[in-house]
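Subject: Handing over the structure

Hello,

Here is the structure you asked to take over. Open it first, then read my notes below it.

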Amino acid sequence: MVLSSSKSRAIQLRQLAGGTLLVVLLYIVVKLGSTALSVTRDKHLPKPSSTSFLRPIHDSLADADPLVATAAQDQGWVSPLKKRLAGRKDDAPSLARIPVTNSLPSTADLAPSAPLVKAYDDAFNSLSALAASSVGGKGAKGVPGTGISTNEERTVLQEHLDCISSNGEWVLDEDGGREGAGLTVHKHSSVFATCDKRYYKGASEVEGDDGDHAWDVRQSLKYRWVPSSTCFPTDAPPRRPLSRLEFCTLLAHKSTLLVGDVPQYSLHDLILDFTSLAPQNCYGDLYCKEHALCGDILRYGKPDELDGYTPDQRIFNRLPPAPFTPPAAHLAPPVKGKKSPSIGTLLRYRRSDGLRGPQAYTEPEYVNPRTGIREINQKWLADAKRSDVVILSKSPISLPRKGWNVTWDEWFVWETPEEAAVKLVEGAKAMTEEVWLPEMLETLRITRNPKLSPEDILMVYRGGWRMHSDCGAESFPAGVGADNDWYSPGDGPPPHLSSPSLSALIFQPSTSPTSPKVLRPIHTVFHNLQTIFQNHILRTTLLPHFGVPYLDIETPMSVWRSGMVGGSVANPFAYGLVDQTHGHGNGAGLRSPASGDCLRYCLPSPGMGLEEAFLGGLMQIFERGWGGAGAEKGERRRKEWVGEGFNDIRQREKMRGASRGGDEK
């Protein structure tokens, strides 16, 4: 049956209308779905503006993760070019990677014409020129007390020491994959164990990582120092982890003396922890006795277990080993022999705040005439004459006591924090120039005078490190500090994201550029400015003239306000949360010997920083000075300086005396 043309046209119209209706319905469904998706995304991300292509490219807009998206919202719109830039490295500092490149605080955040910048530059120029003109005379050749006999080889050694401590980054390693070394097992002064005591408070025993849980140690201990690859040329031997067995092999039969202030005593404890498996008796920094080192280390003789600290006695807190460390082992019985492998391997510590040797400065009630502050300077020159290795450190001069020096009091006044900053820089420069530098030169000349001291003592200078006035902070204002949460009882606040600038060392952090500046505690600023100036002239001018290697502790530890003794007594740090029922700052309101101690670090130190910078630096000096750089040179040096063939300082003095007597005859 054939339909009429009118009916056929009506059917076509109805079909067209039905198809149009279907298309409209589909469009509505799609539109509603896209709107819903847009609403969902708009909950997390703002809409891109017409200038969005100018904003930084971040790698956040993936999988619509609410947490990631919220973080992205704080940073601005996120470009979807992430896939194309997946291989690009983000060099922005964070708690995961903290770069350290220079020991001198930057002035980049200050105007070049600012009075503070001028005073800072003038201080460096003036002190460097004065130090260069003061040393005078003929300097030492090579490094006395080692096989390094040329200034060229000494320069190569110092440049390497500077590079591995001043150029690198702190890397967070949650799994504890530290290269070839475990955490120091502290076995001596209890004050250096307070950080771990606070962290494990309430736990009777902490078990090791079973693979299902995170490594249960303080957050600061999960970092490791990674020096720049430029410090290790392709033709040089690769960097080796710090070895307790090799350290003791090189140090065997040598007597070591540490002289310096209270922080130097903490390094005395560190050496004892590193070179012994059991605790040794010591009666504190004022009554330290002679300690025998390395006997049980050399007898044990299993480097993998020694470097994992598995045979050490646990006295305070049983820190769980990192997952890589070997299982615990029992201490092997001593090897019987005619002669101990470590006979003559001794350690002494003498406290000397001012590093003064002459008797006039070693009286029990000695007061520095420039400051009115008592200094404890024990007699140590006699001990130095019978030591093969002498490690020195001189603390900055204290801020003069108010009312003691009228001239200082009248000059040391200001009206604004900016004026105070300039005064502090000028004061630190004046104190270094007029007091610290003459005292330091006197000490170096006495210890390097062949008529007063043996000519071949290996002297090493341990550079000072900074005070961190906020080591006990329990919180920071919003917008100050790192962006990541940090919860690590006993550690105090998180580390800085980079080495603090000059402005950050002098002024309190602020949330707004327009906020009025507030000074940090004056005694802390004064100490830190002196530390910076004094370390600089020591490294560049004074110590090379006297043939003394310099160990830079300031640079790698400049970011670490965490893991300090003073932080162990504060409440756990929390961003933006302030408990008004407790005191704040450096353990305020707490009655503890550790309260406010923002100069000494707990042991093990954050990221094993003191272990790497101090012990690792000594290891480099011992290896190059007593082991040699090349195969032939190294074999000759080791035969003379290492093992049973080594003649200690007393034997060498007798041999020189006999030689002089023979020449006179």
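Start at Glu-169. This residue is buried, because its relative accessible area is 18%. Buried means under 20% relative accessible area, exposed means over 50%, and partly exposed is in between (1.4 Å probe, protein chains only).

Before going on, note that this is a predicted model: local features need pLDDT of at least 70, side-chain atom pairs count only at pLDDT 80 or more, and totals for chains, interfaces and linings use all residues. Residues are numbered from 1 along each chain as its sequence is written, and side-chain values use heavy atoms, with hydrogens and water left out.

**Salt bridges**

What does Glu-169 meet in a salt bridge? Its partner is Arg-97, at 2.5 Å from N to O between the side chains. A salt bridge is a side-chain nitrogen of Lys or Arg within 4 Å of a carboxyl oxygen of Asp or Glu. Glu-169 lies in strand β2 (residues 168-172) and Arg-97 in strand β1 (residues 97-100), so the pair ties together parts that are 72 residues apart in sequence. Helices (H or I, at least four residues) and strands (E, at least two) are DSSP runs, numbered from the N terminus. Arg-97 has 38% relative accessibility, so it counts as partly exposed.

The whole structure holds 31 salt bridges. Here are some others.

- Arg-466 and Glu-554 pair through their side chains at 3.0 Å, N to O. They link distant parts of the chain, 88 residues apart. Arg-466 sits in the loop between β8 (458-462) and α13 (502-506), and Glu-554 in the loop between β9 (550-551) and α15. Arg-466 is buried at 4% relative accessibility. Glu-554 is buried at 3%.
- Asp-353 and Arg-351 also form a salt bridge, at 3.0 Å from N to O. Asp-353 is buried at 13% relative accessibility. Arg-351 is buried too, with a relative accessible area of 14%.
- Asp-388, Asp-456, Arg-652, Glu-653 and Arg-656 are linked in a network of salt bridges.

**Cores**

Next, the nonpolar cores. A nonpolar core is a set of buried Ala, Val, Leu, Ile, Met, Phe, Trp, Tyr and Cys residues joined through side-chain atoms within 4.5 Å. The largest has 71 residues. Trp-170 and Phe-614 have the most contacts inside it. Helix α15 gives the largest share of this core, 9 residues. A second, separate core has 55 residues, including Leu-127, Ile-397, Leu-437 and Tyr-550.

**Gln-620**

Gln-620 is in helix α15 (residues 609-627). Is Gln-620 buried or exposed? It counts as buried, because its relative accessibility is 18%. Its side chain makes a polar contact of 3.4 Å with that of His-160. A polar contact is a pair of N or O atoms within 3.5 Å; within protein, one must be able to donate a hydrogen and the other to accept it, and residues adjacent in sequence count only if both atoms are side-chain atoms. Beyond neighbours within four places in sequence, Gln-620 is also in contact with Leu-157, Leu-161 and Ile-164.

Finally, find Tyr-287 in the loop between α7 (262-275) and β5 (291-292). At 60% relative accessibility, Tyr-287 counts as exposed.

Best wishes

Methods: Contact means heavy atoms within 4.5 Å.
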